[in-house]
Amino acid sequence: MTKRYFVPDLEETAGSVALPPTEAQHAIRVMRVKIGDDVELFNGLGLQAAARIIEIGRNRCVCDTDHATFVDREPKSLVNMAIALPKPERAKELVERLTELGIKHVTPLVAKRTQRPPSESNMDKLRKVVIEACKQSGRNHLMEFGPVSTAKDYFQSDRVGEKFIAHPDPDALSIRSHFSSDDHPAIHVAIGPEGGWSESEYQGAITHGFLSINVGIILYLFETAAVALASILVS
């Protein structure tokens, strides 16, 4: 597998590019790259370039790059998820999976039953998780994070596209049967905390045009539900 590195200022023209400090340290100390090694660079916005290591220093790694091209590996569906994130370690695993699946955007939610709202430090760590997941999976676009929002504010905001709220209700729409077409618009789906949505949050979402959906007859842990929904929505 070709080693991949994130270079946010990668340009289309060929030339020499120094890896950012964090990426250089990872390349030198973890991956043990050598001069002449082939690598792949990407900028998180779709550009990708083949490159070769031409210089290695203590904390410096320089590549000679080919002309960069736009390589789009994004799903057809633009899926935006709003999630009451779990505790840090579980959030890390969830973010890895959602990045690999191709979710476009995640809004961290604070609901009434949220146990621990995400701190800015937590969000910085999750952004690094996104980069690593893109490096590993071959995705060329970074999954984006919106600002932390209360569930109430999120449901009341204007959003273009189809809007759904995940809820373990036997009368809710089945996500598997609802998304049988290949032609999906922008999709927004909200997933509540471990304790579930409060009644006022749920009714507030319905009032503002969100449709209630469920994943199936099994009651999943909410991280499992998020990954299951994501895999269906991007397919």
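Analyst: A strand, in the sense used here, is a DSSP run of E with at least two residues, and strands are numbered from the N terminus. In this predicted model, Glu-162 belongs to strand β11, which covers residues 162-166.

User: How many helices and strands does the protein chain have?

Analyst: The protein chain contains seven helices together with 14 strands, and its C-alpha atoms fill a box of roughly 60 × 35 × 30 Å when the principal axes are used.

User: Is Glu-162 buried, partly exposed or exposed?

Analyst: A residue is called buried under 20% relative accessible area and exposed over 50%, with partly exposed in between. Glu-162 has a relative accessibility of 26%, so this residue counts as partly exposed. The C-alpha atom of Glu-162 is separated by 8.4 Å from that of Val-189, although the two residues are 27 residues apart along the chain.

User: Why does Thr-65 count as buried?

Analyst: Thr-65 counts as buried because its relative accessibility is 3%, and the cut-off for that class is under 20%. The residue sits in strand β5, residues 61-65, and, with neighbours within four places in sequence left aside, its contacts include Thr-13, Val-17, Leu-41 and Arg-52. For the protein chain as a whole, buried residues make up 46% of the 235 residues.

User: What do the accessible surface and the charged side chains of the protein chain look like in numbers?

Analyst: The accessible surface of the protein chain comes to about 12,100 Å², and carbon and sulfur atoms hold 53% of that area. There are 27 positive and 31 negative side chains, and the centres of these two sets lie 6 Å apart.

User: How many cavities of 30 Å³ or more are found, and which residues line the largest cavity?

Analyst: Rolling a probe the size of a water molecule over the atoms shows where empty space is left. Here the search of the whole structure finds one cavity of 30 Å³ or more, and the volume of the largest cavity is about 90 Å³. Its lining includes Ala-84, Leu-85, Pro-86 and Lys-87, as well as Arg-113, Arg-116, Pro-193, Glu-194 and Phe-222.

How values were computed. Residues numbered from 1 in each chain as written. Predicted model: local features only at pLDDT ≥ 70, side-chain atom pairs only at ≥ 80, totals over all residues. Heavy atoms only, no water. Helix = DSSP H or I, 4+ residues; strand = E, 2+ residues; numbered from the N terminus. Buried < 20%, exposed > 50% of the residue type's maximum accessible area, 1.4 Å probe, protein only. Areas by Shrake-Rupley, 256 points an atom, 1.4 Å probe, with all protein chains shown as cover. Lys, Arg positive; Asp, Glu negative; His and termini not counted. Charge placed at Lys NZ, Arg CZ, Asp CG, Glu CD. 1 Å grid on protein atoms, 1.4 Å probe; cavity = no way out; pocket = protein on both sides within 12 Å on 5 of 7 lines; lining within 4 Å. Points joined across faces, edges and corners; volume = space filled by probe spheres on them. Contact = heavy atoms within 4.5 Å.
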